[in-house]
Amino acid sequence: MYMKRLLPTLGPAILLMAASFASADEPANAGDRSAAASPTAKSGTAAAAPAAKNADQLAKQLSNPISSLISVPFQYNYSRTYGDNGYRNLLNIQPVVPISISEDWNLISRTIVPVIQQKNVQPNRTQFGLGDTSQSFWLSPKKPTSSGLIWGVGAVGLLPTGYDGLGADTWAFGPTVVVLKQTGPWTYGFLANQLWDTGGPANISSMYIQPFLAKALGKGRTLSINSESTYNWKTKDWTVPINLAYSKVSKWGDQMVSNQFGAGWYAESPAGGADWQLRYTLTLLFPK
């Protein structure tokens with residue numbers, strides 16, 4: 001049932017992206033060629049071309065979950081319609097820190113700390129506080145394979161930091177993997193993990209799958225689509241949001257940042273789950 005609902009949803013979205021890419025390619029390529037020939041042609045300053053190139057490089061690194069880029073995203077999500085007119089405000093604070101452990105290998109750390117305010121997600125309750133923290137580590141080669149694949153494998157843990165009924169009050173651990181490829185302006189791949197509880201009030205066996213596709217549009221801009229899907233092996237329930245997003249890398253004073261705006265529709269959701277969501281992400285970038 002999941003695949004039957006997912007494929008019709010992804011099809012139109014991918015066609016929409018393809019149409020957008022086709023319309024964006026010609027002006028972007030023409031602009032790149034003119035900038036290469038004469039960096040002053042569009043901006044009047046020789047610094048414009050290097051600045052645009054730097055923004056494009058950072059945008060490409062952001063499309064790679066395990067790149068050698070320190071980033072601190074603040075991801076705000078507003079989701080709606082949990083049974084009786086419920087809603088959720090969710091802020092995910094999720095720093096990503098690559099650590100060089102040898103000449104050829106990086107250890108990538110990603111922490112996700114959720115701050116939640118919600119009403120009627122749990123019947124007749126208004127709640128505010130921290131949710132459970134997720135901590136992932138990937139061991140990843142610094143260079144792609146000969147075929148261009150970028151990959152990382154490691155472990156993920158769920159830490160019971162939630163309170164006011166916003167967490168599972170249970171530790172959980174499992175494996176995680178990322179595989180992707182970057183070809184020209186395209187980035188595509190998937191991130192997946194599996195969590196099992198180690199004993200406690202909650203019985204957890206949960207799989208997470210995030211296929212993603214992104215197209216760089218030039219000038220630090222990126223259009224992307226993903227599905228942050230989870231499957232609960234205990235209840236046999238899928239949660240499948242389809243997210244479309246547009247982002248742009250720019251500079252605020254001396255700080256490089258990315259602003260992303262997106263929206264999502266839930267192709268599959270358990271009873272009492274969300275129907276749709278809006279997203280804004282501010283990411284602080286710290287290039288080496």
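The protein chain exposes about 14600 Å², and carbon and sulfur atoms supply 63% of that area. The model is predicted. Of the 288 residues in the chain, 41% are buried. The chain holds three helices and 15 strands. Among contacts between residues at least 6 apart in sequence, 53% join residues at least 24 apart.

**The nonpolar core and its strands**

The largest nonpolar core has ten residues. Its members are Ile 66, Val 96, Ile 108, Trp 138, Ile 150, Val 178, Leu 180, Leu 191, Tyr 208 and Phe 212. Strands E8 (172-183) and E10 are the elements that give two or more residues to this core.

Leu 180 is a core residue. Which residues does Leu 180 touch, leaving aside its neighbours within four places in sequence? The list includes Ile 66, Ile 150 and Phe 212. It also takes in Asn 64, Pro 65, Gly 148, Leu 149, Thr 187, Tyr 188 and Gly 189.

E8 runs antiparallel to strand E9 (residues 186-197), with ten bridges between them. Gln 182 faces Thr 187 of E9 in this pairing. The two strands form a hairpin with two residues between them. Gly 184 takes a positive phi there, near 60 degrees. E9 also pairs with E10, again in the antiparallel sense, over eleven bridges. Here Gly 189 stands opposite Phe 212 of E10.

**Strand E12 and its partners**

Strand E10 (residues 205-218) has antiparallel pairing with E12 as well, over four bridges. Ser 229 in E12 is the bridge partner of Ile 209. On its other pairing, E12 is antiparallel to strand E13 (residues 237-252) over three bridges. Thr 230 stands opposite Thr 239 of E13. E12 and E13 form a hairpin with four residues between them. Lys 236, in the turn, has a positive phi of about 65 degrees.

Ser 229 and Tyr 231 make up the covered face, while Thr 230 and Asn 232 make up the uncovered one.

Glu 228 sits in the loop between strand E11 (221-227) and strand E12 (229-232). Is this residue, Glu 228, buried or exposed? Its relative accessible area is 18%, so Glu 228 counts as buried, the limit being under 20%. Its side chain has polar partners. One is the side chain of Arg 279, at 3.0 Å. Another is the side chain of Asn 243, at 3.4 Å.

Beyond its neighbours within four places in sequence, Glu 228 contacts Tyr 208, Ile 209, Gln 210, Thr 239, Pro 241, Asn 243 and Arg 279. Tyr 208 in that list is also a member of the largest nonpolar core. Ile 209 is the residue bridged to Ser 229, and Thr 239 is the one opposite Thr 230.

**Aromatic pairs**

A search of the whole structure finds seven aromatic pairs. Trp 105 and Trp 151 form one that is edge-to-face, with 5.8 Å centre to centre and 75 degrees between the planes. This pair links distant parts of the chain. Trp 105 belongs to strand E4 (residues 105-119) and Trp 151 to strand E7 (residues 149-159), 46 residues apart. Why is the pair of Trp 171 and Phe 173 described as stacked? The planes of Trp 171 and Phe 173 lie at 15 degrees, with ring centres 6.2 Å apart, so the pair is stacked. Tyr 78, Tyr 87 and Trp 276 form one aromatic cluster.

| Residue | Relative accessibility | Class |
|---|---|---|
| Trp 105 | 31% | partly exposed |
| Trp 151 | 28% | partly exposed |
| Trp 171 | 44% | partly exposed |
| Phe 173 | 42% | partly exposed |

**Thr 145**

Thr 145 lies in the loop between strand E6 (133-141) and E7. At 31% relative accessibility, Thr 145 is partly exposed. Its side chain makes a polar contact with the side chain of Ser 147, at 3.1 Å. How far is the C-alpha atom of Thr 145 from that of Lys 181? The separation is 9.8 Å, although Thr 145 and Lys 181 are 36 residues apart along the chain.

How values were computed. Residues are numbered from 1 along each chain as its sequence is written. This is a predicted model: local features need pLDDT of at least 70, side-chain atom pairs count only at pLDDT 80 or more; totals for chains, interfaces and linings use all residues. Side-chain values use heavy atoms; hydrogens and water are left out. Buried means under 20% relative accessible area, exposed over 50%, partly exposed in between (1.4 Å probe, protein chains only). A polar contact is a pair of N or O atoms within 3.5 Å; within protein, one must be able to donate a hydrogen and the other to accept it, and residues adjacent in sequence count only if both atoms are side-chain atoms. Contact means heavy atoms within 4.5 Å. Rings of Phe, Tyr and Trp (its six-membered ring) pair if their centres lie within 6.5 Å; planes under 30 degrees apart count as stacked, over 60 as edge-to-face and the rest as tilted. Two strands pair if DSSP finds at least two bridges between them. Accessible areas come from the Shrake-Rupley method with a 1.4 Å probe; for residues, only the protein chains shown count as cover. A nonpolar core is a set of buried Ala, Val, Leu, Ile, Met, Phe, Trp, Tyr and Cys residues joined through side-chain atoms within 4.5 Å.
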